[in-house]
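Here is a friendly look at the aromatic side chains of a protein model. Have the sequence and the 3D view open as you read.

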Amino acid sequence: MITSTLAFGKANASGSLKPAVKHLKVATTRNASSATAAAHNGNGNGNGRSRWSMDDPIIQRELFMDVLSANATKRDAKQYLARFKKPQYSGPQAKDVQAERNARHRNDQDRLERIGVNLGGLYAPSRAIADTPQFTRQHVQEKAAVTDAPVPGYGTKTTNNLRLWSSKASHGEFDFTKFNSGEYEASVADQQRAETISAVLYPNDSLERGKELRLKQQYFWCAASLYDIVRRFKKSKKAWKEFPNQVAIQLNDTHPTLAIPELQRILIDHEGLEWDEAWNIVQNTFGYTNHTVLPEALEKWSVPLIQHLLPRHLQIIYDINLQFLQHVERNFPKDREMLGRTSIIEESQPKMIRMAHLAIIGSHKVNGVAELHSDLIKTTIFKDFVKVYGPDRFINVTNGITPRRWLHQANPRLSELIASKLGGYDYLRDLTQIHKLESFVHDPSFRKEFQEIKYANKLRLAKYTKDVHGIAVNPASLFDIQVKRMHEYKRQQLNIFGVIHRYLELKGMSVEERKKVQPRVSFFGGKAAPGYWMAKTVIHLVNAVGRVVNNDPDIGDLLKVVFLEDYNVSKAEIIVPASDISEHISTAGTEASGTSNMKFVLNGGLIIGTCDGANIEITREVGEDNIFLFGNLSEDVDDLRHHHFYGADFHLDPQLTRVFDTIRAGAFGDATQFSALVNSIVDHGDYYLVSDDFKSYLDTHRLIDEAYRDQEAWLTKTITAVSRMGWFSSDRCIEEYAETIWNVEPLPPSEH
């Protein structure tokens with residue numbers, strides 16, 4: 001069985017997976033609306049009817065596209081869909097209607113060479129050569145070049161294959177003819193143009209050209225992967241109805257959702273299947289993993305952009321939407337607003353395609369990645385779909401991490417120590433065995449070596465910080481680390497505001513009082529999206545605070561602030577084992593899961609965090625005494641946000657006000673550079689509840705300082721936490737996907 005995960009840029013325990021279809025016929029754009037008009041006027045490739053009927057199933061989709069120009073939420077549901085109800089035929093008439101419907105899709109296939117795929121207005125019709133997936137531009141072919149990366153199993157003879165794709169000019173990198181004729185730039189232009197598609201993942205999409213390139217990328221990798229999957233299946237000579245039994249494709253967030261209409265296109269346009277048969281195969285092949293509960297983070301693409309680049313796919317998406325909305329109307333005739341809420345097409349200016357809705361409708365299972373997250377998507381952003389499909393379609397699969405990388409490779413001395421107590425490295429295959437480690441929590445020799453390993457890892461990070469950033473830090477300090485993608489909901493701003501408060505407290509102390517303070521190093525790391533200006537402002541503030549604090553002779557080693565540049569998973573192997581405390585402080589109800597929290601705890605670092613994402617399950621496993629929780633709960637968030645705008649007695653936390661006054665006074669440089677960040681909290685509703693959680697955050701850090709002073713008790717906490725992390729293995733996670741979504745059973749290596 002082929003099990004494929006289509007993912008874009010998700011770097012985690014197993015690395016970054018790039019999706020993968022091959023061998024595409026590609027065509028120039030023909031405006032979808034003009035094709036519709038041609039069908040109405042009898043000038044297209046359809047049946048050439050000179051007039052049309054409201055009951056004619058052949059033109060129902062075209063009517064539907066016209067009707068969508070009006071707002072569905074403002075129209076009576078029955079009236080809205082009355083023209084799309086299927087006529088009740090029987091006997092020979094029913095066969096005639098089905099035959100006409102199938103003929104329409106065959107006609108769509110005939111039009112494919114004119115309205116199929118257009119990656120930028122550059123492409124002319126061409127047949128692909130052999131099994132090489134490629135796109136064509138005039139006389140220059142641009143192909144998807146494949147790179148296979150073997151992924152060997154741990155301690156087995158099994159090796160899986162990770163297939164990666166890059167865009168290349170098929171004729172080669174250099175055109176000698178153009179070069180010799182004096183067209184020096186043009187001689188390499190085709191190669192440069194081709195490589196743009198796969199050169200940089202996730203271009204800045206704040207500009208229209210960036211959006212277009214990003215959509216091209218998504219289609220490129222989906223198309224390359226899907227055709228490759230179909231090619232391998234066809235070699236088996238099995239019937240198409242067996243496809244979902246042989247292939248499972250998991251959509252890792254919405255970025256590969258174009259794979260749904262692409263597979264439908266392949267099945268009906270290339271393989272000649274009827275619509276219903278093809279759609280049944282598509283739905284039973286795909287599963288969708290959601291990674292966010294933030295409505296603004298759910299991906300959308302404008303209809304004009306899709307129509308320009310992928311007009312045939314737009315037709316298919318409209319067909320899918322029509323079929324789905326008919327189902328909704330039949331089952332919920334009294335809920336007039338549900339059509340607009342669940343439609344794939346958002347009635348805005350311009351119209352937008354809701355990729356999450358398409359992913360749900362085109363998949364047989366939808367899962368969240370932590371218990372709280374899975375509950376929230378069913379009760380908030382996808383609650384209408386729960387009504388439509390029932391709760392069984394929506395499940396939870398909590399994320400996991402691989403101990404082979406995030407313990408054995410990242411922290412080899414700790415891995416060796418654990419193996420010496422458990423009788424070998426079998427725990428790396430079955431992480432639940434690590435619970436046996438708890439019996440050594442009071443073993444003096446084990447405790448001594450465990451502590452020495454932690455100090456050695458801190459020393460390694462301290463050396464890296466000095467060598468790369470020129471900042472000297474004391475490894476005996478408490479290492480407080482927050483490394484993850486820069487985003488307001490992850491609240492790095494809360495962390496740096498807390499650091500500023502600590503700095504102000506230290507400045508106000510006498511020399512004798514400072515001697516009693518627990519020294520601390522606050523490490524930050526992470527990258528901001530190219531167009532995410534607020535996240536970049538937070539990075540700017542962290543570095544500005546670091547320049548002041550790290551050079552203040554009154555503070556010395558009591559507080560250091562370090563921003564670790566160019567954070568990636570390889571550097572995480574140095575950072576994670578060195579933590580004493582790690583910060584997972586997202587606004588409650590906004591983090592889907594998180595996996596860095598699992599990595600830090602498995603390496604002997606404790607957590608300060610909110611009741612969000614997988615923090616809740618980690619608390620359940622390690623115990624409330626071995627984690628530091630703070631802040632409001634997810635069920636209170638909406639009320640607090642409402643109170644920010646309408647509550648007469650809402651005031652910022654006075655300790656946070658003091659921090660803001662310091663920033664405004666220019667203590668960390670030009671205050672205007674940070675005004676938007678401060679004003680988002682002071683004047684614009686504090687959407688992420690920084691002020692509401694600030695006091696609780698500071699109080700919890702005081703508890704951490706007190707707990708860390710008692711090194712013996714702290715050591716007991718860390719060893720206990722490590723021993724209770726067995727449930728958070730990626731092996732358990734994949735087993736759950738295999739059992740509940742992919743319907744596959746493991747094959748023992750000895751039988752392979």
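## Aromatic contacts

Trp-727 is partly exposed, with a relative accessible area of 25% (partly exposed lies between buried, under 20%, and exposed, over 50%, using a 1.4 Å probe and protein chains only). This is a predicted model, in which local features need pLDDT of at least 70 and side-chain atom pairs pLDDT 80 or more, while totals for chains, interfaces and linings use all residues. Residues are numbered from 1 along each chain as its sequence is written, and side-chain values use heavy atoms, without hydrogens and water.

The whole structure holds 19 aromatic pairs (ring centres of Phe, Tyr or the six-membered ring of Trp within 6.5 Å; planes under 30 degrees apart are stacked, over 60 edge-to-face, the rest tilted). Trp-727 and Phe-728 are edge-to-face because their planes meet at 85°, with centres 5.3 Å apart. Tyr-737 and Trp-742 form a stacked pair, 5.5 Å centre to centre with 20° between the planes.

What about burial? Phe-728 counts as buried at 1% relative accessibility, and both Tyr-737 and Trp-742 are buried.

Elsewhere, Phe-324, Phe-382, Phe-385 and Tyr-389 make up one aromatic cluster.

Across the protein, buried residues make up 55% of the 752 residues.
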